[in-house]
Each structure stands twice: as structure tokens, then as C-alpha cells.
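Hi everyone, thanks for making time.

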Amino acid sequence: MEDNLIDPAPQRIAILNGITMILMELLDFSSSESEEEEEELEHVLHIVEKRKKLPRLENYVENVVPAYSDLQFKSHFRISRGTFEFILNIIAPRLKRTCWGMSMISPEKQFLIAVWRMATPDSYRSICEKFNVSRATALSATRRVVRSLYHLAPTVIKWPSGNNVREVWTGFEATSSFPKVIGAIDGTRINIPAPCVEPASYVNRKGHHSIQLQAVCNHKTHFTHCFVGHPGSVHDQRVFRLNYQKCTNG
């Protein structure tokens, strides 16, 4: 009789793991979710992960980060503390809840999570352990920050015009003795997970899935134009031509 008894604990764990994987996939690949839907998934994932009791580092943002020197802060987050605080003051209102729901982590912690995610190759599992949050919370925080920066970008990334053009010309000529340069242009590829639709189109010459990013900087190395989104297999020259056509068409 005892041999036929089955311990229900492993079955419950397996079921929880399965539910967690399905919800994570839904959260990762659904780009049309509303903020309310994301928060509902975050709540469910929070309950599931809480029952699994994953070990995490406590009070990293509250105690460890404030103790960093300015040099250490920039070394860890790839951004100066002054720039971080300047941007945080602008986007903080967008990182606060505008509807009823679970309590949110602070805008500062959301911004730190997003910056860490963008500045390091760490996985969300590693980020959850460091910042003591669930995976859904880390993912939602990163999305909120990216959306906030996207709305902020047009006020910062501007094409030179009027007197600005002559200032850029003078700046480049002073450093390179090359006249009437309006910007330095280059491209790079951003590695991404293999997409579900036509993944082969995103494989670049190094064999990685990626998207193309082309950027223009002025003489102060400030971005004045960005063009991103083409699959990694697209040649740099074609990206430049498409970008030129888009700009000349207004």
C-alpha cells in the first residue's frame, strides 16, 4: 500500500513551475498588453514566486547603493550619479501608479533596475536576486522606464538647426580640420533573443540574432539622431539609404 502512495509536494512544485513559465512567456512576448494587464500578471507571478521562496539580497538599493562613491556608482550602472538623479527627477511621475493596484517599488529602484538591465548582460533571474524583487516586477519596471525614456527622447535628441548648425561645424573643424561636418555617423547591432517571426532574418554576420542601430553624434558626442529596428542581417549601407530616404521625406 505504501508503495502506491504519491507525495503531492513534487507535483505541486511542478505545476507551479509550469504556470510560472507560461505566464513569463506571455509577459515577455505580448507587446500589446496594457499597463493594467501587466500589473495583473505581475500580481499572479508575485504570488507564485513568493511560494517558491527564492533567496535574494536584501536592502541593496536602500543601504548598499547610497554607500557607493560616485566612481563606484558609475562603474556599476554605467551612468554618473548626477545624470541618474537628473533623469530620475524628470521621469519619476511616469513611474508611479495612476490606477488602483498593488503597492509599487519606488521610482528610484525601478530606474536602477532598468539601468542595470541595460548596462549589464545579467539575466532577470540575477537581477531579481540582487534587487529583491520578483521577475515580473523587474520586467514591468524596465518597461516603464523604457517607455518614459522614449517619451523624453525627442526633447533631448534633436537634429541641428539654425545657429546650432554653425556651432557643430566649428566644433568638428576645430578637432579634425574637416569643414562643414554636421555629425559623425556609425552603426551597431543590438543582440536580442531569437524572435518568433522570421528568426533567420535577424541573424547578423557574427551569427547572433540582433537589430540594427544607426546613430549620429555632434562634436560633443551628444546624440542628434537615432534610427533603430531593422533586422541584423540588413547591410549597413541599406540602413543608411533607408534612413536618408526617411529624413529627406520629412
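**A loop, some helices and their rings**

Let's start with lysine 158, which sits in the loop between helix H8 (135-156) and helix H9 (163-176). Helices here are DSSP runs of H or I with at least four residues, strands are runs of E with at least two, and both are numbered from the N terminus.

Before we go on, a word of caution: this is a predicted model, local features need pLDDT of at least 70, side-chain atom pairs count only at pLDDT 80 or more, and totals for chains, interfaces and linings use all residues. Residues are numbered from 1 along each chain as its sequence is written, and side-chain values use heavy atoms, with hydrogens and water left out.

Okay, is lysine 158 buried or exposed? Lysine 158 is exposed, at 53% relative accessible area; buried means under 20%, exposed over 50%, and partly exposed in between, using a 1.4 Å probe and protein chains only. Setting aside neighbours within four places in sequence, lysine 158 is in contact with Phe223 and Thr224, where contact means heavy atoms within 4.5 Å. And from lysine 158 to histidine 222 you count 64 residues in sequence, yet their C-alpha atoms are 9.5 Å apart in space.

Zooming out, the protein chain has ten helices and three strands. Reading from the N terminus, the order is α-α-α-α-α-α-α-α-α-β-β-β-α. Of its 250 residues, 32% are buried.

Now to helix packing. Helix H5 (residues 81-91) and helix H6 (residues 107-119) have axes that come within 10 Å and cross at roughly 120°. That angle makes H5 oblique to H6. Under 35 degrees is roughly parallel, over 145 roughly antiparallel, 65 to 115 roughly perpendicular, and the rest oblique.

Who makes the touch? On the H5 side we have Phe84, Ile87, Leu88 and Ile91, and on the H6 side Pro107, Glu108, Phe111, Leu112 and Val115.

Next, the rings. A pair of aromatic rings is described by the distance of the centres and the angle of the planes. Rings of Phe, Tyr and Trp (its six-membered ring) pair if their centres lie within 6.5 Å; planes under 30 degrees apart are stacked, over 60 edge-to-face, and the rest tilted. By that rule the count is seven aromatic pairs. Phenylalanine 84 and phenylalanine 111 are a stacked pair, because their centres are 4.5 Å apart and their planes at 15°. One is in H5 and the other in H6, so the pair ties together parts 27 residues apart in sequence. Phenylalanine 84 is buried at 3% relative accessible area, and phenylalanine 111 is buried at 2%.

Then there's tryptophan 116 with phenylalanine 131, an edge-to-face pair at 6.2 Å centre to centre and 75° between the planes. Tryptophan 116 lies in H6 and phenylalanine 131 in helix H7 (residues 124-131), so here the parts tied together are 15 residues apart in sequence. Both are buried: tryptophan 116 at 8%, phenylalanine 131 at 1%.

To finish, which residues do the ring pairs link into a cluster? They are Tyr60, Tyr68, Phe73, Phe77, Phe84, Phe111, Trp116 and Phe131.

Methods. Axes fitted to C-alpha atoms, helices over the stretch in contact; angles between N-to-C directions.
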